[in-house]
Amino acid sequence: MTRVAVVGVGMMGRNHVRVYSEMPGVELVAIVDQNQALAGPLSTLYHVPLYSDFREMVEKEKPDAVSVAVPTEFHYEVTRGLLEMGCNVLVEKPIAATLEQAWELLNLANRRNCVLTVGHIERFNPAIVELKRRLDSGELGRVFQVHARRVGPFPTRIQDVGVIKDLAIHDLDIMHYVTGSHVDRVYAEAKSTLHQLCEDMFVGTLHFMDNTIGLLEINWLTPTKIRELYVTGERGMFRVNYITQDLCFFENADVDASEWTSLSLIRGVSEGAIIQYAIKKKEPLRTELETFIGHLQGKANHLVSGLDAIRALQVAMALVESASVCRTIEVNSHERYRVPSIVPRQPGLSGGLEVLSETPTFQTGD
Ligand SMILES: NC(=O)c1ccc[n+]([C@@H]2O[C@H](COP(=O)([O-])OP(=O)(O)OC[C@H]3O[C@@H](n4cnc5c(N)ncnc54)[C@H](O)[C@@H]3O)[C@@H](O)[C@H]2O)c1
């Protein structure tokens, strides 16, 4: 049995509690929240002890794994405390509020030999799993553009971050994941209409090192919820609907199916067949938490690494800066966004060791 706990049981954390409580091979040993009035009924419902202090909880319950679902501004403080006490942690996205904090968490996890993974939940959406499989097998040919629309109503409870760090972070992670490339240049326009401190509407463009163009349209000012990703390439366009978990392909009829292996020239574009794939639906959070626990139980799987989460945050920070200074930001030439030349491997995580170039090691905490 893997002993798990959840710190922060508000809107998102209570979903972690529900999913863990239903997972075989897992014992939910505690929940933690400073708001005892809110968490009390949950503690009763799931017959699980409630704490207000995560340190006291770890000392008494000794969990193997902890989900952190406190507001973003407290991710660093809570995750650092848990890693220092030797816990394996899944922290909700974004990994932290700043890059310096994120690097410190990753380095601490490495030093303590703890697993640190991040709740980039869209990776586990069945439509994205299928899209990634089809892209990796070359079905689209060259990818030209990735376009994300993530719009919806205003959530009054989110006070500490704007739409770039709160919502666009999902799409930045997915764009890195599906293209397999890194962003080197960004531009953003943003405005704040209802939010007191941060942007609540934003449009951004990205340039990837492999020349793919990225486009993001993200806001909290649209009175209907839309969550879509479009990937356009040589052989047509994929469209993901994250909410319904549907994946559609719009075929470019000017590409000869007999030339399936040729990836060279696009001769024209015209409307072809539209295919909606049959996809088995599953709650992404369930797959995300099964992946985390499966990893701790020694089963092979693919966790979102701390470095993946830092890349998404790095581009989000560059977009925030671009919107505030009204100019293009070169991500890689900017010292504070740069990924270090050598990143220590996280225990058990593939892809943690990267040798990129002669760039200097990123200094944390400055
Ligand atoms: N993956 C997703 O799709 C998704 C969706 C929503 C939210 N989130 C993330 O989940 C996190 C929480 O968001 P939310 O909307 O649930 O917020 P929320 O405000 O509804 O809940 C946060 C809870 O954390 C508690 N808390 C704050 N500091 C604490 C501390 N030090 N110790 C214990 N409890 C503490 C608060 O009392 C509150 O109950 C955020 O990081 C957010 O980005 C992710």
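This is a predicted model: local features need pLDDT of at least 70, side-chain atom pairs count only at pLDDT 80 or more; totals for chains, interfaces and linings use all residues.
I started with helix α3 (residues 54–61), which lies across β1 (2–7), β2 (26–32) and β3 and runs at about 150° to β2. For the angle, I used axes that are lines fitted to C-alpha atoms, for helices over the stretch in contact, with angles from 0 to 180 degrees between N-to-C directions. Contact here means that two C-beta atoms, placed from the backbone, lie within 7 Å. Helices (H or I, at least four residues) and strands (E, at least two) are DSSP runs numbered from the N terminus.

Residues are numbered from 1 along each chain as its sequence is written.

Next I traced the sheet. I found six strands in an open sheet, ordered β3-β2-β1-β4-β5-β6, with parallel pairing; a pair needs at least two DSSP bridges between the strands. β3 (50–51) and β6 (116–119) stand at the edges with a single partner strand each, so one side of each has no neighbour in the sheet.

Then I followed β4 (residues 65–68). Four bridges join β1 to β4, and V7 stands opposite V68. Four bridges also join β4 to β5, where V68 stands opposite V91. I looked at the side chains too: A65 and S67 point one way from β4, V66 and V68 the other, and all are buried. Buried means 20 or more other C-beta atoms within 10 Å of the residue's own, exposed 12 or fewer, and partly exposed in between, with C-beta atoms placed from the backbone.

From β4 I went through helix α4 (residues 75–84) to β5, and the three make a right-handed β-α-β unit; with the strands pointing away from the viewer, that path runs clockwise. β5 (residues 88–92) is joined to β6 by four bridges, running parallel, and E92 has G119 as its bridge partner.
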